Amino acid sequence: MNMKKFYVLGLALVAVCAVGVMSAAGASAVTFLLAEWLEGGSGITATLLTEIKGELALTETLDGIKINELCSGIFAGFIGPNGADEITEILNLEGGAISLTSLSGTALSCTNSENCGEPLFWYLELPWLTLLVLMEDGTETFFADLLVNEKSGGSVGYEVECMSLGIADTCKVTEAVAKVENT
């Protein structure tokens with residue numbers, strides 16, 4: 001299994017926020033402060049069911065070939081007190097469940113800007129657990145959603161297949177930060 005960069009672009013958390021970019025966390029001096037999810041301007045006091053609709057941007061090297069996928073989907077799960085959140089299911093944009101069978105069945109359809117005409121995406125190791133924080137990296141201050149997947153050894157996994165090239169890969173991400181924008 002390879003360690004990969006994992007990006008999330010333009011995800012909208014229903015009635016709460018929008019997520020901007022998710023990438024491997026850097027090693028620079030970063031300050032984290034606990035934040036909280038809001039609904040109607042008030043802090044969440046109980047777990048709420050929510051959906052995130054948006055895009056995953058993935059950068060892969062499959063058999064030495066670099067590909068950049070942009071995959072659209074719906075991320076269903078929960079938000080809760082003290083900035084906790086959890087993604088429990090990933091659906092395609094029509095609401096169909098993504099297959100739990102490795103590299104077969106329904107996948108997220110993706111577009112690619114480099115070397116792969118038909119990339120597909122499947123998730124692994126759900127739930128994906130994250131924590132909302134206020135993050136300061138020395139150049140900017142922003143809300144971020146940090147990967148805290150203790151259940152799966154602190155990682156999230158996914159599989160990608162490039163249909164036009166006939167190659168596939170299983171990937172794990174151990175450090176990730178999602179930039180969160182208030183909407």
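User: Which residues is Thr 130 in contact with, leaving aside its neighbours within four places in sequence?

Analyst: Thr 130 is in contact with Gly 83, Ala 84, Asp 85, Asp 145, Leu 146, Leu 147 and Val 148, once those close sequence neighbours are set aside. To count as a contact, heavy atoms have to lie within 4.5 Å. Keep in mind that this is a predicted model.

User: Okay, is Thr 130 buried or exposed, and how do you know?

Analyst: Check its value against the cut-off. Buried means under 20% relative accessible area. Thr 130 has 8%, so it's called buried.

User: Where does Thr 130 sit, and what stands opposite it?

Analyst: Thr 130 belongs to strand β12, residues 128–136. Opposite Thr 130 you'll find Leu 147, in β13.

User: What makes β12 and β13 a pair?

Analyst: Pairing takes at least two bridges between two strands. β12 and β13 have seven, and they run in the antiparallel sense, so they pass that test. Their hairpin has four residues between the strands, and Gly 138 takes a positive phi near 95° there.

User: Why is strand β13 described as largely enclosed?

Analyst: Count its buried residues: β13 covers residues 141–147, and five of its seven residues are buried, so the rest of the structure largely encloses it.

User: How do you know whether Ile 67 is buried or exposed?

Analyst: The buried label needs under 20% relative accessible area. Ile 67 comes in at 0%, so it counts as buried. Ile 67 is in strand β8. Beyond four places in sequence, its contacts include Leu 58, Leu 62, Asn 112 and Cys 116.

User: How far apart are Ile 67 and Cys 162, in sequence and in space?

Analyst: They're 95 residues apart in sequence, yet the C-alpha to C-alpha distance is 8.7 Å.

User: What makes a set of residues a nonpolar core, and which members touch the most others here?

Analyst: Members must be buried, come from a list of residue types that includes Cys, Ile, Leu, Phe and Trp, and be joined through side-chain atoms within 4.5 Å. The largest such core has 22 residues, and Cys 71, Ile 90, Leu 108, Phe 121 and Trp 128 touch the most other members. Strands giving two or more residues include β7, β8 and β15, while β11 gives the most, with four. As for Ile 90, the residues it touches beyond four places in sequence include Phe 75, Leu 108, Phe 121 and Trp 128.

User: And how many helices and strands are there?

Analyst: Zero helices and 16 strands.

Key. Residues numbered from 1 in each chain as written. Predicted model: local features only at pLDDT ≥ 70, side-chain atom pairs only at ≥ 80, totals over all residues. Heavy atoms only, no water. Buried < 20%, exposed > 50% of the residue type's maximum accessible area, 1.4 Å probe, protein only.
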